[in-house]
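Colleague: I would like to go through some of the labels given to residues here. For each one, tell me what it rests on.

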Protein chains: 2
Amino acid sequence: MTRGTGALCVGVLAWMTVVESGVLLRAQPGQTPQSPAGAPSPSAAYTSGGEMLRPEAYREWIYLSSGLGMVYGPAAAAVAGRPPSFTNVFVNPAAHRQFMATGTWPDETVMVLEIRSSASEASINRGGSFQTDVVAVEAAVKDRKRFADGWAYFNFGARGDRAAPLPPTASCYSCHKANAAVDQTFVQFYPTLMPVAQRFGTVRADYQHQPAPAKPAEGPR
Amino acid sequence: MTRGTGALCVGVLAWMTVVESGVLLRAQPGQTPQSPAGAPSPSAAYTSGGEMLRPEAYREWIYLSSGLGMVYGPAAAAVAGRPPSFTNVFVNPAAHRQFMATGTWPDETVMVLEIRSSASEASINRGGSFQTDVVAVEAAVKDRKRFADGWAYFNFGARGDRAAPLPPTASCYSCHKANAAVDQTFVQFYPTLMPVAQRFGTVRADYQHQPAPAKPAEGPR
């Protein structure tokens with residue numbers, strides 16, 4: 001899990017968050033994105049050649065968590081010499097609704113990892129880090145009819161409009177299988193999802209969470 | 001803008017992001033949260049005494065940006081001795097739709113600032129920072145019928161279910177008025193919103209953006 005890790009394992013780290021309660025069960029505001037004609041559009045669309053089209057509306061999907069400075073492996077090349085990157089994770093609303101109701105991910109679940117650069121001083125900000133430009137967009141997609149492993153991983157880069165699935169030999173596949181708590185996803189690090197998986201008993205039987213030690217306080221005071 | 005700044009100015013810093021293009025105009029998936037009976041529920045609800053109820057569904061609203069380590073002022077007390085905090089910003093979907101279509105915020109716009117602690121090492125993570133427990137939840141609300149200034153600010157703390165508006169003397173009011181690019185909101189630091197405001201000409205005439213200098217690369221490589 002250091003050098004040579006698949007690009008999608010950026011997600012493994014980006015999606016890490018210590019479990020705590022605070023699930024929102026009442027509202028279901030997220031709806032499937034609608035086309036201008038009002039017809040439902042799928043969470044994932046593909047070319048005739050099997051390339052996934054970059055999701056247009058992921059910024060209006062359900063936000064899961066963010067990390068800072070956890071980009072490495074292949075993605076590290078894109079951020080070399082740049083400020084540390086933020087990694088924002090989103091999931092399509094229909095899949096999120098099903099997870100909140102059952103603790104499981106349906107087919108056509110799409111998780112998008114948006115990698116953004118950071119900066120520290122602009123306008124009135126004098127410390128800490130805030131998000132700047134997009135470095136890369138990646139995706140993890142569940143589709144048992146389409147992918148032999150059930151899940152596939154895609155890297156759209158900063159501006160790519162389509163991407164072929166990363167090969168099954170990419171380490172992200174083995175890493176997600178070995179370390180993810182729920183169905184090859186790192187639910188153990190999504191604070192609003194893990195309590196749901198625990199309630200529905202969908203956490204992998206051999207999963208053990210290791211609490212993170214606190215770091216010294218930092219940032220402006 | 002150092003000590004003594006109002007708690008909501010945590011938002012000022014949390015919401016900072018250098019402007020870049022990448023607006024998503026097609027999909028409108030976010031819908032007004034529905035009650036179990038299917039009736040629309042307002043973005044903001046209040047007690048008979050005028051206290052705002054903590055929004056239940058903000059984690060399913062539209063995500064705008066996150067920062068790390070930018071908490072200070074009153075909120076600093078809550079994070080003293082803790083790891084640096086992440087600050088996640090959400091806006092209710094109906095207000096976001098109107099902003100994307102007009103570059104302006106309607107009444108009943110609610111922006112929620114969720115402050116979470118961070119950790120660096122758990123499970124397979126060996127560097128960088130990821131989100132942990134909720135430290136505090138704050139809100140900025142536009143309602144010209146309800147608030148003399150048009151906007152009011154609320155601090156729910158970590159688990160509070162209601163909060164009175166912060167007094168007009170709180171520095172967050174003057175700070176937002178003095179520094180925010182669009183209608184007392186820091187749109188200049190929301191990467192998907194600023195291009196919209198610029199296109200609709202709703203950026204304050206005297207606003208000038210100061211680009212952030214890049215910081216040295218950090219984090220695992």
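Colleague: What makes B:Gln184 count as buried?

Modeller: This is a predicted model, and the value is computed from it. The relative accessibility of B:Gln184 is 17%. Buried means under 20%, so B:Gln184 counts as buried.

Colleague: Where does B:Gln184 lie, and what is its phi?

Modeller: B:Gln184 lies in the chain B loop between α4 (171–179) and α5 (194–200). Its phi is positive, about 60°, although B:Gln184 is not a glycine.

Colleague: Why is A:Glu108 called partly exposed?

Modeller: A:Glu108 has a relative accessibility of 39%. Buried would need a value under 20% and exposed a value over 50%, with partly exposed in between. A:Glu108 therefore counts as partly exposed. This residue is in the loop of chain A between α3 (93–102) and β4 (109–119). A:Glu108 is not a glycine, yet has a positive phi of about 70°.

Colleague: How do you know that B:His96 is buried?

Modeller: Its relative accessibility is 3%, and the cut-off for buried is under 20%, so B:His96 counts as buried. B:His96 is part of helix α3 of chain B, residues 93–102.

Colleague: Which residues is B:His96 in contact with, leaving aside neighbours within four places in sequence?

Modeller: Contact means heavy atoms within 4.5 Å. On that basis B:His96 touches A:Glu60 of chain A, and in chain B it touches B:Ile62, B:Leu64, B:Val91, B:Trp105 and B:Leu193.

Colleague: What puts the buried residues of α3(A) on the same side?

Modeller: The buried residues in question are A:Pro93, A:Ala95, A:His96, A:Phe99 and A:Met100. They cover an arc of only 160° around the axis, and that places them on the same side of α3(A). In general, an α-helix has 3.6 residues a turn, so residues three or four places apart point the same way.

Colleague: What covers the buried residues of α3(A), and what follows the helix?

Modeller: The cover includes β2 (62–68), β3 (86–91), β4 and α5 (194–200) of chain A. After α3(A) comes A:Gly103, with a positive phi near 75°.

Colleague: Why is B:Tyr58 called buried?

Modeller: B:Tyr58 has a relative accessible area of 4%. Buried means under 20%, so B:Tyr58 is buried. B:Tyr58 is found in the chain B loop between β1 (52–53) and β2 (62–68).

Colleague: What separates the C-alpha atoms of B:Tyr58 and B:Leu113?

Modeller: The two residues are 55 residues apart along the chain, and their C-alpha atoms are separated by 9.4 Å.

Technical notes
Residues are numbered from 1 along each chain as its sequence is written. Chains are lettered from A and ligands numbered from 1 in the order in which they are written. This is a predicted model: local features need pLDDT of at least 70, side-chain atom pairs count only at pLDDT 80 or more; totals for chains, interfaces and linings use all residues. Side-chain values use heavy atoms; hydrogens and water are left out. Helices (H or I, at least four residues) and strands (E, at least two) are DSSP runs, numbered from the N terminus. Buried means under 20% relative accessible area, exposed over 50%, partly exposed in between (1.4 Å probe, protein chains only). The arc is that of the directions from the helix axis to the C-beta atoms.
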